[in-house]
Amino acid sequence: MNQLFIVLTASLAVLLIAYLTAISARDLIRLLISLELMFGAVFLAILPLFSIDASTAFAIVVLTIFTSSSELLVLITAIVLLDRSKKGIDLEKVSVGGETP
Amino acid sequence: MDTATLIIAVASVFAVLSAIGVLLTRDNLYAAIYMSVTMLLIAAIYAVYNVQQVVVLIAFVFVGAVGMITIAIAATYRSVPTKKVSIAWIAPVIIVFAITSYFYYNFATSNLKVQGLSLAFEKLSTDYMVLLVFLFSLMILMMLSAIKLARRVEL
């Protein structure tokens, strides 16, 4: 069993668990946590790229980390606003974009 | 199996176990804590390969900032919701998982050997200048969007 197989298997397992968490989530916090787990799987999947081109891999990691941080910033603001307007953070309270007033 | 492979295997197993903790726990606070532990273990795998820059970024930015904010917001909106799997999303998950598994299985044929890392940090500011400019622009845009959402006023 080589290292690449172990890393990619772990990445796949974390990705599957993140997907399962996302489709079983009933509130937005759990959905947010599942998104961050997906980014964790991405970090593991990027690791083999360091053996091919380290500078490109490092640039992708930096991009991934700061994009996810920015995304989290907006999502947390949206969760707080949803709680203010709908008095809850359940997924059922989130209406489909633009279909309902 | 050499020592490095053993450490990677142990860290991977614990990372997957703590990710399973996210899935199984009913409390959002514990889910956020398990998520932070998973990210720290992923950083530990990077540490085995001596990719210290990424270890610092994951530990400080992803766990230190993002993870702590998630734990704080999970503690603020602490609820124990019931779980119900969305049936409609099972098919796309299976398809994506199957495609990824196939390519990973074909790709994972050799050991990892990190090389050229000493120049990676220096080259980031020169070779990827446009990327960094777009990254900072994206972050400023996201922050302005967050402020606009929070204040509900036109900027």
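In this predicted model, the axes of H1(A) and H4(B) come within 10 Å and cross at roughly 175 degrees, where axes are lines fitted to C-alpha atoms, for helices over the stretch in contact, and angles run from 0 to 180 degrees between N-to-C directions. H1(A) is therefore roughly antiparallel to H4(B), given that angles over 145 degrees count as roughly antiparallel, those under 35 as roughly parallel, 65 to 115 as roughly perpendicular and the rest as oblique. On the side of H1(A), the contact is made by Leu8(A), Leu12(A), Leu15(A), Leu16(A), Tyr19(A) and Ile23(A), while H4(B) contributes Ile90(B), Val93(B), Phe97(B), Thr100(B), Ser101(B), Tyr104(B) and Phe107(B); two residues are in contact if their C-beta atoms, placed from the backbone, lie within 7 Å. By class, this contact has eleven nonpolar, two polar and no charged residues, with Ala, Val, Leu, Ile, Met, Phe, Trp, Tyr, Cys and Pro counted as nonpolar, Asp, Glu, Lys and Arg as charged, and the others, Gly among them, as polar.

Residues are numbered from 1 along each chain as its sequence is written, and chains are lettered from A, with ligands numbered from 1, in the order in which they are written. Because the model is predicted, local features need pLDDT of at least 70 and side-chain atom pairs count only at pLDDT 80 or more, whereas totals for chains, interfaces and linings use all residues. Helices (H or I, at least four residues) and strands (E, at least two) are DSSP runs, numbered from the N terminus.

The contact between the chains as a whole takes 58 residues from chain A and 75 residues from chain B. On the side of chain A that touches chain B, the elements giving two or more residues are H1 (3–24), H2 (28–46) and H3 (54–86) of chain A, and the largest share, 22 residues, comes from H3(A). That side of chain A divides into 40 nonpolar, twelve polar and six charged residues.

H3(A) itself has 33 residues and reaches 46 Å from its first C-alpha to its last, close to the 48 Å expected at 1.5 Å a residue, the expected span being 1.5 Å times one less than the number of residues. Among its buried residues are Phe58(A), Val61(A), Ile65(A), Leu72(A) and Ile76(A), a residue being buried if 20 or more other C-beta atoms lie within 10 Å of its own, exposed if 12 or fewer, and partly exposed in between, with C-beta atoms placed from the backbone. Lys87(A), which follows H3(A), has a positive phi, near 60 degrees.

Turning to chain B, there are six helices and zero strands, and buried residues make up 25% of its 155 residues. Within this chain, H2(B) and H3(B) pack with their axes 9 Å apart, at an angle of about 175 degrees, and are therefore roughly antiparallel to each other; their contact has 20 nonpolar, four polar and no charged residues.

In the loop between H3 (52–76) and H4 (90–107) of chain B lies Tyr77(B), which is partly exposed because 16 other C-beta atoms lie within 10 Å. Leaving aside neighbours within four places in sequence, Tyr77(B) is in contact with Ile29(A), Asp83(A), Ile89(A) and Asn28(B).

As for confidence, the model scores ipTM 0.87 and pTM 0.82. Chain B averages a pLDDT of 81, with 88% of the residues scoring at least 70, where pLDDT is the predictor's confidence in each residue, from 0 to 100. In chain B, confidence is highest in helix H1 (residues 3–24), at a mean of 92, and lowest in helix H5 (residues 117–127), at 71.
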